[in-house]
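Welcome! Have a look at the sequence and structure below, and then we can walk through them together.

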Amino acid sequence: MLGPVILAASRSDRMRRLVSAAPVTKQVVDRFIPGETVDEIVPIIEDLTAQGLELTMDVVGEDITTPEQAAAARDAYLELIDRLKGLELGTRAEMSVKLSMFGQALEGGHELALANVRPVVEAAAAIGTTVTLDAEDHTTLDSMFAIHEELRKDFPQTGCVIQAYLFRTEADARRLAANGSRVRIVKGAYKEPASVAHQDKAEIDKAYVRIMRILMEGSGYPMIGSHDPRLISIAQELAARAGRKLDEYEFQMLYGIRGDEHLRLAAEGHRMRVYTAYGTDWYGYFMRRLAEKPANLRFFVRSMLTR
Ligand code: FAD
């Protein structure tokens, strides 16, 4: 029951101010968002890749309100890519972006988000890597998929995310699997109404398995974004049945969650990509991590009380 309440709070400015000002917040936030600046995140990138892990980098931020903020978000990614150039990691460090941070919700937002994301995709390609478009709430997805299609005309490796909880997703998966796209499948992290999304965990898991099967049997590159051990072993089974080799799909997990599992899968020869978020505008990202596991919230509250 707590999850939906926390997700509602993730959109509240009052809660944002309260949580951001709490003295112990940073210590808890660091578990999921291990840096605020490029200088802080580069050593983390070096450390994780030295352990055989691959990365997808997220500069945190979303729901911006001015075109200037959208341009600043674009520039933050360009700064990161510029620093990655020297590390020569290629696709071992790719980018994940949220189009709302690039201006998608502003007036003329579809064109603005495309104009801001394109230079990021170009810069990523210039250092031999790529970009994945994250999936946000369901109202943004038609625009996200259209931008994805447009970017793929010049940069076919551009990926996108689909969410198992949405009723529309099996059809999206079929289309993307047939056109050879890189696709990350996740359960879905936003508060969505029953008119568009499964609400029951078991139903979401069943949909996830159906969608994985579509992706594994298709011609694209499936990226399995989950920490759920049952889904991970089903993914391995489906991949084997579809005749995929270990480098023909990958697992992805979030920084700070089940780190032992990241290393175990990498040691087994899987491509294991860690979604690593950094930056100062961490509130929305942090609240979604709390909502996914109420124990995180208890830990957060206990740290505040015992301080
Ligand atoms: P769950 O059943 O939620 O979790 C399985 C187990 O993992 C739990 O029992 C617990 O042990 C552990 N776990 C899961 N979450 C947490 C947590 N927050 N803290 C501590 N332990 C936890 N969602 C979107 O809507 N759009 C996106 O673009 C998107 N991108 C993502 C990218 C990656 C790489 C990943 C891994 C997730 C992404 N998500 C995204 C979030 C996703 O939708 C789920 O909310 C999240 O992954 C939790 O679901 P799960 O599959 O891990 O399964």
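## Confidence

Keep in mind that this is a predicted model. The protein chain has an average pLDDT of 93, and 96% of its residues score at least 70. For the complex, the predictor reports a pTM of 0.95 and an ipTM of 0.98.

## Around the ligand

Which residues come nearest to the ligand? They are Asp134, Ser226, His227, Gln252 and Glu292, out of 23 residues around the ligand. The biggest share comes from β7, which gives three residues.

Now turn to helix α8, which spans residues 169–178. Its buried residues are Thr169, Ala173, Leu176 and Ala177. Viewed down the axis of α8, these buried residues fall within an arc of 100°, so they line one face of the helix. As a reminder, an α-helix has 3.6 residues a turn, so residues three or four places apart point the same way.

What covers the buried residues of α8? The cover includes β4, β5 (182–186) and α9 (201–217). On the face turned away from the buried side, α8 carries the exposed residues Ala171 and Ala178. Just after α8, glycine 180 adopts a positive phi of about 75°.

Definitions and conventions:
Residues are numbered from 1 along each chain as its sequence is written. This is a predicted model: local features need pLDDT of at least 70, side-chain atom pairs count only at pLDDT 80 or more; totals for chains, interfaces and linings use all residues. A residue is near a molecule or strand if its C-beta atom, placed from the backbone, lies within 6 Å of it. Helices (H or I, at least four residues) and strands (E, at least two) are DSSP runs, numbered from the N terminus. A residue is buried if 20 or more other C-beta atoms lie within 10 Å of its own, exposed if 12 or fewer, and partly exposed in between; C-beta atoms are placed from the backbone. The arc is that of the directions from the helix axis to the C-beta atoms. Two residues are in contact if their C-beta atoms, placed from the backbone, lie within 7 Å. pLDDT is the predictor's confidence in each residue, from 0 to 100.
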